[in-house]
Amino acid sequence: MEHAWLIWCLAGYLCGSVSFALILGKLRGVDVRKVGSGNVGATNLGRVLGRRWGVACFVLDVLKGFGPVFVAGLSMGFIGEQALEPAAAWRWLAVMVCPVIGHVFPIWLKFKGGKGVATAFGVLLGVWPVLTVPALGALVVWIIMARAFRYVGLASAAAAVSLPVIVWGVGTWRQQPFASQLPFLVVTSLLALLVIVRHRGNLVRTIKGTEPKIGTKAPGTGA
């Protein structure tokens, strides 16, 4: 089917719209929208219910991004291609962004969702192998920043900024024509911008010194 990628876009959005933070919280009798930061994401869930629940949510959010993108790539014959034609790349990248949009603007929650970092990591892993290595590189940046400063928002913003830079570096190292790199540079730059914008409140609080550090419990939860 010539327009199968449109179906995958819809499937990706619907998968991304599933809020595992809300589901896992409800299993423990907690509505994460009403405690902690109020964000329906792994970080807030972890602060409210504990690290294990936060990690579980993170993994599920990664998988809901990875799954539809990887399967779409398989169905369209893109998996394993090192240098896609621009038209093919744009179609796959359109599918790639949909789970992230679903997570950030979920139809089930009146378009009020999470910040998209875990799901973004998942969709990047799904674009095998073109964006898998840059995704892992951005993860390393996140870990270094998180360990050094213990702020999730700061680490996420730094990883986001590093992503298109790593994409460009890997593409240049592979001696890929700029035309074949361009779709991936454009989309990863937009994805990075979305992550930064979604974390702008965290960054402002970090500058003011009021942002909770990693490992800090949500106030009033007892968790």
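Trainee: What volume does the second largest pocket have?
Mentor: Ground rules before the number: this is a predicted model, where local features need pLDDT of at least 70, side-chain atom pairs count only at pLDDT 80 or more, and totals for chains, interfaces and linings use all residues. Residues are numbered from 1 along each chain as its sequence is written, and side-chain values use heavy atoms, with hydrogens and water left out. On a 1 Å grid over the protein atoms alone, a pocket is an open set of points with protein on both sides within 12 Å along at least five of seven lines, while a cavity is a set where a 1.4 Å probe fits but cannot get out; lining residues have an atom within 4 Å of a point. Points are joined across faces, edges and corners, and a volume is the space filled by probe spheres set on them, which for the second largest pocket comes to about 160 Å³.

Trainee: Which element gives the most to the lining of the largest cavity?
Mentor: The whole structure has 3 cavities of 30 Å³ or more, and the largest has a volume of about 70 Å³. Two elements give two or more residues to its lining, helix H8 (152–173) and helix H9 (178–198); helices are DSSP runs of H or I, at least four residues, numbered from the N terminus. The top contributor, with 3 residues, is H8.

Trainee: And how many polar residues line the second largest cavity?
Mentor: That cavity holds about 50 Å³ of space. Of its 14 lining residues, the closest to its centre are Ser 19, Val 40, Lys 64, His 103 and Gly 114. By class there are 5 nonpolar and 2 charged residues, and the polar count is 7.

Trainee: Is Gly 102 buried or exposed?
Mentor: Gly 102 sits in helix H5 (residues 86–104). Beyond its neighbours within four places in sequence, Gly 102 is in contact (heavy atoms within 4.5 Å) with Tyr 13, Gly 16 and Ser 17. Its relative accessible area is 0%, and since the cut-off is under 20% with a 1.4 Å probe on protein chains only, Gly 102 is buried.

Methods. Buried means under 20% relative accessible area, exposed over 50%, partly exposed in between (1.4 Å probe, protein chains only). Ala, Val, Leu, Ile, Met, Phe, Trp, Tyr, Cys and Pro count as nonpolar, Asp, Glu, Lys and Arg as charged, and the others, Gly among them, as polar.
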